[in-house]
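I open this notebook to record what I looked up in the structure shown here, entry by entry. I begin with the nonpolar cores and then turn to the sheet, the helices and a few single residues.

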Amino acid sequence: MKIRSSTYFNRLLMYSLLIGSIPAIIVGIISYYKASSIVQDKVNQSSMATLQQTQLRVEQILKTIDHSVTQYISSPLVVNAMSLPYSAANYQVYNEMYQNMVRSQTFELTINNMTVLNLKGQWGIDNNNIFTFDDVRSLDQLLRYEKLPSFSFWITDEDKRSPSISLVKKIPLNSLKADGLAIVTIDESQLARLLAADNRIGSIMVMDKDYRLLSRSDQKVQQSGLEQLVAEVQRRSETEGQFNVELDGDNTSVIMRKSSYNGWIYVSAISIKDITRDSRSIGWVTLFVCLLMVLVTCGLALYGSRTFYRPVRKLVATIADRFEDPPEEARTDEFAMIGYRLQSMLQTESLLLAQLTGQVRELKQFFVMKLIRGEEKESQLPARLKEYGYHANWEWHAVFAIQIDDLERSQYNENDRDLLLFAIANIAGELIPAEERLDPVLLEQYQITVVGGIGTADVEYKNRLFGVAELIRRTVQQYLKLQISIGISRPQKRLIDISVSAEQALEALRYRIRFGPESVLFIDDVQPEDLVSSVFPHRAAKELYDAVKLVERSRADKLLERCIGLIFNEQADWRQYRMSLVRLYTMLTELGQSEITADTKKDTKTELPLDQEKQHFDRLLDLKSQEEIRLWFCDTVIAPIMRRLEQQSKSHAKKISDRITDLIHQRFDTELTLEACATQLNYHPNHLGPLFSREKGISFSEYLLNYRLMMAKQWLIETDMKIGDIAERLTYTNPQNFIRFFRKMENMTPGQYRELNCHPKIGKLHSEDSTR
């Protein structure tokens, strides 16, 4: 026998390698990423501190400038000068203002220019000279600062290629209506110098509150990446935070802070590659250690695999020498061949055991079926019980009869019923201990389970059986998604009376028609002690009869529900329930046949065929709950009857409306009224009016007027009758009333209509008549 050499050995070696190498690789990867994460967190913390330090330094200088300018413009000299006009006499004041301006400027951050404007006197002073507004080219640009909403504001000059930052203050201070303006301009390069001084790694940028870039420490971030960064910062609403974004194809860590002083946004952008540069050395060390561990694992795996494979090799050699060659699929590896040999032996053993077990199971179920049918002899019962392994010392027994409630509203169909009952029998066998039951069996559409025990009182007996029945019902609902009902018999002492108990359980199950689906019914609880004479609700049935006859659907539904409730409200024998339902069905079907008119009988076959009538009766007797009964009566009995009655009523109404239109066509030239039609047709006018409107979609009077108008137009076109004669024939006492009605309907007089539609000779002949 040939086996693919060392197949199991190779698998064992591969498994050992994997189980030893994979943990080392995973630990190395986790260590590397953990170290990289720690390094990145440290760098982010350092960058946040640097960014905060840069912000504090820049804002300290800006606040110093703000304070110096505030002191300068608050001086009495500047405040008084705002009321002076431009004059040579005030030169001493201008010069003193200039000297104080120069002394107030700080040298920590070079100020490009400081300008003071007198808006009333239209003159100003800057770092270079004293000027009037006529000498300034960009006067509008300076004066627009007067319209700023605040008395002190940091703004960005957008007109220049190299942006500058200006501090604008209104004079006097804290006044929105300014007499003068103080404008301090700082060059962007000076701000960039401060940012570059604090920058260690990455780029630091400053934006104003409108997200316009004021300055940055270097040019590492390209224009496209800068626009993307500004958009990302603008999208975020927090005042401080950190996030990652891809800029210019490089993953970048961004830290941002928003200033509460002037609304500027300080941003630090650091490439992730720069952050993790130090962690790469950790990665190489980790890789070296992992490779070393993998090599050691390979050596140990090779040695261990050879040691564990040695007994398998000996076992394969022994089997190969004593048995014939296995099939090709059993030669894939050593264990496949060993498994094939063991499986062959076990199959032989299982086949013999299954044959014996199957025969015993069938015999046990046959024995239980004979007990249920009462065909077993009492003298042979102890020996049979002992032979099949049942307990013969039961002091009482009872029977469960289980039936499926409804398959129509489940995921199964009628062909699955036997298989489902078999599954329910298995569930009952699993839930009830073997020493407390006989084998569950199937009897027609029922599953029968016999249970028993020793020394249980009546109350304990009922509680115990109810608990077992509820457990079976819930388990079937959980696993099979199926509703079942269970009937339980009285406890009997003799096992030979199992047939009586089975009849009682089936009898209890028939009362499910009153209690609905998923019921657990004890025969003592459902079987009435005193039988009532009748449970048929005569009055409610008569009201239901009248509602169906009058085709009142909603009222019929309520009365049907009431009838069924009254039938099952009384505790009676289940046969009386069925008889009452049959009586109600017969009464309604007789209504459907008796209310059909003679004409309908000629055209339609109203009586049900015998086979269909039998199907209805069988289905009625097979209904298992009040809801099923109500739905069946609604859909199968009442709805068809109402449809036929409604169809008959519509046909009758249509015939009456057609007779009214015939009377209008015949007597339109008389004083015809709805009351006259009602008298001739033997109906009340209040009935004919709505009936005619419903069938024709128009009222009686409107139809009569329209028909008379149609006849008037026909006579105007086809005859030479005078308009007065036409009006008189159409029952108009005054021709002017007819002319006004015609003009209202046709937007022209009868004479104009005749001239427009009839032959020219006829129109000329009657022109005078139309004029009159």
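**Nonpolar cores**

I looked up the largest nonpolar core first, and of its 42 residues the ones that touch the most other members are Leu544, Val548, Tyr577, Leu584, Leu588 and Phe633. The elements that contribute two or more residues to this core are α15 (523-526), α16 (538-549), α17 (553-569), α18 (574-594) and α21 (626-667). I note here that the model is predicted.

I then took Leu584 by itself and listed its contacts, setting aside residues up to four places away in sequence: Leu584 touches Phe536, Ala541, Leu544, Leu560 and Phe633. Apart from this core lies another one, of 37 residues, among them Met48, Ile65, Trp123 and Ile255.

**The chain as a whole**

For an overview I recorded that the secondary structure of the chain comes to 29 helices and 16 strands. I also noted that the chain has 772 residues, of which 45% are buried. Among contacts between residues at least 6 apart in sequence, I found that 63% join residues at least 24 apart.

**The six-stranded sheet**

My next entry concerns an open sheet of 6 strands, which has the order β3-β2-β1-β6-β5-β4 and antiparallel pairing. Strands β3 (130-132) and β4 (152-157) stand at the edges with a single partner strand each, so one side of each has no neighbour in the sheet. From one strand to the next, the twist averages 20°.

I asked myself how many bridges join β4 to β5. There are 6 bridges between β4 and β5 (residues 164-171), and the two strands run antiparallel. Within this pairing I located Ile155, which stands opposite Ser166 in β5.

I returned to β4 to check its burial, and 5 of its 6 residues are buried, so β4 is largely enclosed by the rest of the structure.

**Asn100 in α3**

Staying with helix α3, I looked up Asn100, which lies in it. Leaving aside neighbours within four places in sequence, Asn100 is in contact with Tyr72 and Leu77. The C-alpha atoms of Asn100 and Leu77 are 9.5 Å apart in space, while the two residues are 23 residues apart in sequence.

**Annotated transmembrane regions**

I consulted the UniProt record, an unreviewed entry, which places the feature "transmembrane region" at residues 12-33 and 282-304. Over residues 12-33 the model has 100% helix and 0% strand, with the end C-alpha atoms 32 Å apart. Over residues 282-304 I again read 100% helix and 0% strand, and here the end C-alpha atoms are 33 Å apart.

**Thr252 in β10**

I placed Thr252 in strand β10 (residues 250-258). Is Thr252 buried or exposed? Its relative accessibility is 6%, and Thr252 therefore counts as buried, the cut-off for burial being under 20% relative accessible area. Apart from neighbours within four places in sequence, Thr252 is in contact with Phe243, Asn244, Val245, Leu247, Ala269, Ile270, Ser271 and Ile272.

**Ile427 in α11**

Ile427 lies in helix α11 (residues 417-431), and with a relative accessible area of 14% I recorded Ile427 as buried. Its contacts, leaving aside neighbours within four places in sequence, are with Thr475, Val476 and Leu480. I also looked up the pair Ile427 and Ile472, whose C-alpha atoms are 7.1 Å apart in space although the residues are 45 residues apart in sequence.

**Helix α13**

My last entry is on helix α13 (residues 498-509), whose 12 residues reach 16 Å from the first C-alpha to the last, close to the 16 Å expected at 1.5 Å a residue. Why do I describe α13 as largely enclosed by the rest of the structure? I do so because 10 of the 12 residues of α13 are buried. The buried residues are Ile498, Ser499, Ser501, Ala502, Gln504, Ala505, Leu506, Glu507, Ala508 and Leu509.

Methods. Residues numbered from 1 in each chain as written. Predicted model: local features only at pLDDT ≥ 70, side-chain atom pairs only at ≥ 80, totals over all residues. Heavy atoms only, no water. Pairing = 2+ DSSP bridges. Helix = DSSP H or I, 4+ residues; strand = E, 2+ residues; numbered from the N terminus. Axes fitted to C-alpha atoms, helices over the stretch in contact; angles between N-to-C directions. Expected span 1.5 Å × (residues − 1). Buried < 20%, exposed > 50% of the residue type's maximum accessible area, 1.4 Å probe, protein only. Core = buried A, V, L, I, M, F, W, Y, C linked by side-chain atoms within 4.5 Å. Contact = heavy atoms within 4.5 Å. UniProt positions renumbered as here; feature names shortened; annotations may be inferred.
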